[in-house]
Amino acid sequence: MLANSYAYYNITSINTTLILNTNQSAHVVEQFIIYISNTSISTYQQNKDAIGLTLSDWQKVLYSPNLEEHILGGSGHSFYNFELLPGPLITVPGGGYATMTMNYYVKNVTSIQNIAPRKFEYNFNTSVFNFEQGASGQILPSDVRLNFIIPKGAEVIGVYPLPDYPKPNFIGNYSNITEFSWYTGEPLSQFSFNYVITESPETEVLNYLQNTYINYGEWIYLIIAIGIIVSALYIYKKGKSS
């Protein structure tokens, strides 16, 4: 049963991290730091210990529009493997703090273009953003930190606005860097993020075999079965003739 009578909660900061995958999906981890007044500590503990509370339930408890997914996948804004974890309370004078963590996965966060042999350009799809609306479009509020983690070996070729972390190296690029963060408040209407991944020959062969199996799996099984039958008949006939 939900408990929120006379409770006071306030989300003080949000940390949204996208772990970008090579299959155009992303693992999203969002952490919400929540201030809880002294009079609300018992109700928070009661709800935290309850079994089966959903995101909708917690939105009613906290009475906050900010407790939501800030990354919505393409194709109907779908996400999957959603998990919501309310953390333990850390008391301070006058109340306490707790971290609520969301884990989920979204599809179609990037588009891919083959620009050279074994070289692929990934372009971030800004339509997946679900942040606060400003006069010119979505904005990243000053109390929200946005983090991108790109695949190892990826090379960033374009980013706007420039991240607050890290700073570009002495020749003005981001070589050998996999994590980027924005946290000083940014308009997102012109946001862009592009990177290139060059596949190794081994990965290219493996991906080719995987795609061949996906597209022709049933035919491959049929060909193998026919080969086994032909071999068995050949061995049988050879045995009878000898």
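**Loops, sheet and aromatic cluster in a predicted model**

Asn176 sits in the loop between S11 and S12, where helices (H or I, at least four residues) and strands (E, at least two) are DSSP runs, numbered from the N terminus. This is a predicted model, in which local features need pLDDT of at least 70 and side-chain atom pairs count only at pLDDT 80 or more, while totals for chains, interfaces and linings use all residues. Residues are numbered from 1 along each chain as its sequence is written, and side-chain values use heavy atoms, with hydrogens and water left out.

Although Asn176 is not a glycine, its phi is positive, at about 60°. With a relative accessible area of 80%, Asn176 is exposed; here buried means under 20% relative accessible area, exposed over 50%, and partly exposed in between (1.4 Å probe, protein chains only). The loop between S11 and strand S12 (179–182) also holds Pro161, which is joined to Tyr160 by a cis peptide bond with omega of about -10°. Pro166 lies in the loop between S11 and S12 as well, and a cis peptide bond with omega of about -5° joins Tyr165 to Pro166. A positive phi, near 75°, is also found at Gln24, a residue other than glycine. Gln24 is placed in the loop between strand S1 (9–20) and strand S2 (26–37) and counts as partly exposed because its relative accessibility is 26%.

For the protein chain, the secondary structure comes to three helices and 14 strands. Of its 242 residues, 37% count as buried. The chain exposes about 14500 Å², of which carbon and sulfur atoms supply 56%; accessible areas come from the Shrake-Rupley method with a 1.4 Å probe, and for residues only the protein chains shown count as cover.

Now to the sheet. Four strands form an open sheet with antiparallel pairing, in the order S6-S7-S14-S11; two strands pair if DSSP finds at least two bridges between them. Strand S6 (110–116) and strand S11 (155–160) stand at the edges with a single partner strand each, so one side of each is left without a neighbour in the sheet. S6 is joined to strand S7 (residues 119–124) by six bridges, and the two run antiparallel. Within this region, Gln113 stands opposite Glu121 in S7.

The structure holds 21 aromatic pairs, where rings of Phe, Tyr and Trp (its six-membered ring) pair if their centres lie within 6.5 Å, and planes under 30 degrees apart count as stacked, over 60 as edge-to-face and the rest as tilted. Phe124 and Phe129 form a tilted pair, 5.2 Å centre to centre with 45° between the planes, and both are buried. The pair of Trp182 and Phe191 is edge-to-face, at 5.2 Å centre to centre and 65° between the planes; both of these residues are buried. Ring pairs link these four residues into a cluster whose members also include Tyr122, Phe131, Phe148 and Tyr174.

Finally, His70 is found in the loop between helix H2 (55–62) and strand S3 (79–86). His70 counts as buried because its relative accessibility is 5%. Leaving aside neighbours within four places in sequence, the contacts of His70 include Ile14, Glu30, Tyr104, Phe129 and Phe131.

Technical notes. Contact means heavy atoms within 4.5 Å.
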